[in-house]
Amino acid sequence: MLELPEVLTLSKQANDVLSGKTITQVFNATKPHKFTFYSGDPLEYGKLLVGKTILLSKGYGMFVDFYLSGNVIMNIGDGVSARYYNPGDKVPANYQLLLTFEDESFLVFTVAMYGFISAYPDGVIDNKYYTISRESISPLSDAYTEAEFEKLFASAKKTLTAKALLATEQRIPGVGNGVTQDILFNAGIHPKQKVIDLSDGQKGVLFKSLKDTLMAMTSGRGRDTQTDLYGNEGGYKTILSSKTWKNPCPRCGSVIVKEAYLGGSVYYCPECQKIRKI
């Protein structure tokens with residue numbers, strides 16, 4: 001899934017390789033995916049995109065924007081994978097959208113579980129979560145302070161847990177279930193920990209872990225559970241993920257627990273991440 005480290009990685013790579021390329025053809029889905037969500041009719045994307053030049057790309061929260069000539073914007077979000085292919089590379093059999101360029105290179109968008117592929121003819125994007133991503137302060141910014149983080153706790157319900165605080169409702173745009181695993185492990189906080197029971201010291205540790213873990217993931221060009229624009233795994237080695245949870249805890253050697261929780265899997269060490277109660 002596209003989370004902040006992957007969004008920033010993809011947008012940077014897109015600027016490096018796609019800027020200045022003009023779209024020559026648009027191919028629609030070879031395998032329709034009922035959980036791929038488009039803005040408008042994707043069958044009309046060809047009329048909108050062909051002849052347009054990609055000017056630049058930017059990443060916000062869980063969205064990657066592609067700014068095109070003629071005031072057109074494309075963006076992708078959530079579970080969309082973007083892959084760039086060189087001229088002569090084999091075209092994959094299944095995709096949800098494919099764009100070709102003048103030099104015969106091409107860009108392929110695929111969706112695993114669910115995702116958003118959108119094209120807007122007038123640069124106006126009417127999407128609640130996109131607006132949140134654009135208008136919120138990035139947790140990687142110096143402007144995202146501990147006082148800003150504390151606002152999440154001030155409005156939290158008594159039943160809200162640590163995973164829910166970080167990974168649901170885009171309270172911190174670009175932070176989802178995937179990156180939350182290592183953030184909580186590094187902070188020593190259980191995903192089901194009620195945030196109302198966290199001490200001020202634990203909140204401070206969680207804030208630092210949020211910033212430090214996201215920075216490490218972004219500096220590593222994304223997580224090793226995801227791929228970049230060239231199909232390469234990210235360089236950040238996840239501590240807790242689908243790739244590692246069968247290994248013992250790297251801190252204490254205990255057996256890692258995997259559970260279904262709040263619409264996704266959580267991984268945690270029962271010894272290093274104990275639930276705190278007041």
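1. Aspartate 78 counts as buried because its relative accessibility is 11%, and the cut-off for buried is under 20%. The residue sits in strand β5. Aspartate 78 is not a glycine, yet its phi is positive, at about 60 degrees. Most residues other than glycine have a negative phi. Please keep in mind that this is a predicted model.

2. Glutamine 170 also has a positive phi, of about 50 degrees, although it is not a glycine. Its place is the loop between α5 and α6. With a relative accessibility of 12%, glutamine 170 counts as buried.

3. Strand β5 also holds asparagine 75. Is asparagine 75 buried or exposed? Its relative accessible area is 1%, so asparagine 75 is buried. The side chain of asparagine 75 has a polar contact of 3.4 Å with the side chain of aspartate 65. Apart from neighbours within four places in sequence, the contacts of asparagine 75 include Phe63, Val64 and Asp65. Phe116, Ile117, Ser118 and Tyr120 are also among them, as are Ile125 and Tyr130.

4. The largest nonpolar core has 30 residues. Leu18, Leu49, Phe66, Met74, Ile76, Leu99 and Phe109 have the most contacts inside this core. Two or more residues each come from the helices α1 (4-17) and α2 (45-49), and from the strands β1 (23-28), β4 (63-68), β5 (72-85), β6 (97-101) and β7 (106-120). The largest share, six residues, is that of β5.

5. Phenylalanine 109 can be followed in more detail. Leaving out neighbours within four places in sequence, phenylalanine 109 is in contact with residues including Phe66, Met74, Ile76, Leu99 and Ile117. Val80, Ser81 and Ala82 are also among its contacts, together with Tyr95, Gln96 and Leu97.

6. How many residues of β6 are buried? Five of the five are, so β6 is largely enclosed by the rest of the structure. In a regular strand the side chains alternate between the two faces of the sheet. Both faces of β6 are covered, with Leu97, Leu99 and Phe101 buried on one side, and Leu98 and Thr100 buried on the other.

7. Strand β6 is paired with both β1 and β7. The pairing of β1 with β6 is antiparallel and has five bridges; phenylalanine 27 has leucine 98 of β6 as its bridge partner. Strands β6 and β7 also run antiparallel and are joined by four bridges. Here leucine 99 is opposite leucine 107 in β7. The hairpin of β6 and β7 has four residues between the strands, and in it glutamate 104 takes a positive phi near 75 degrees.

8. Helix α7 consists of 20 residues and spans 29 Å from its first C-alpha to its last, close to the 28 Å expected at 1.5 Å a residue. Its buried residues include Leu206, Phe207, Leu210, Leu214 and Met217. Lys203 and Lys211 are buried too, and so are Gly204, Ser209 and Thr213. The cover over the buried residues of α7 includes α1, α4 (146-154), α5 (162-167) and α6 (177-187). Just after α7, arginine 221 has a positive phi of about 65 degrees.

9. Aspartate 228 lies in the loop between α7 (200-219) and β8 (257-261). Its relative accessible area is 8%, so aspartate 228 is buried. Which residues does aspartate 228 touch, not counting those up to four places away in sequence? They are Thr9, Leu10, Gln13 and Ala82.

10. Cysteine 252 is 24 residues from aspartate 228 in sequence, and the two are 32 Å apart in space, C-alpha to C-alpha.

Terms used. Residues are numbered from 1 along each chain as its sequence is written. This is a predicted model: local features need pLDDT of at least 70, side-chain atom pairs count only at pLDDT 80 or more; totals for chains, interfaces and linings use all residues. Side-chain values use heavy atoms; hydrogens and water are left out. Buried means under 20% relative accessible area, exposed over 50%, partly exposed in between (1.4 Å probe, protein chains only). Contact means heavy atoms within 4.5 Å. A nonpolar core is a set of buried Ala, Val, Leu, Ile, Met, Phe, Trp, Tyr and Cys residues joined through side-chain atoms within 4.5 Å. A polar contact is a pair of N or O atoms within 3.5 Å; within protein, one must be able to donate a hydrogen and the other to accept it, and residues adjacent in sequence count only if both atoms are side-chain atoms. Two strands pair if DSSP finds at least two bridges between them. The expected span of a helix is 1.5 Å times one less than its number of residues.
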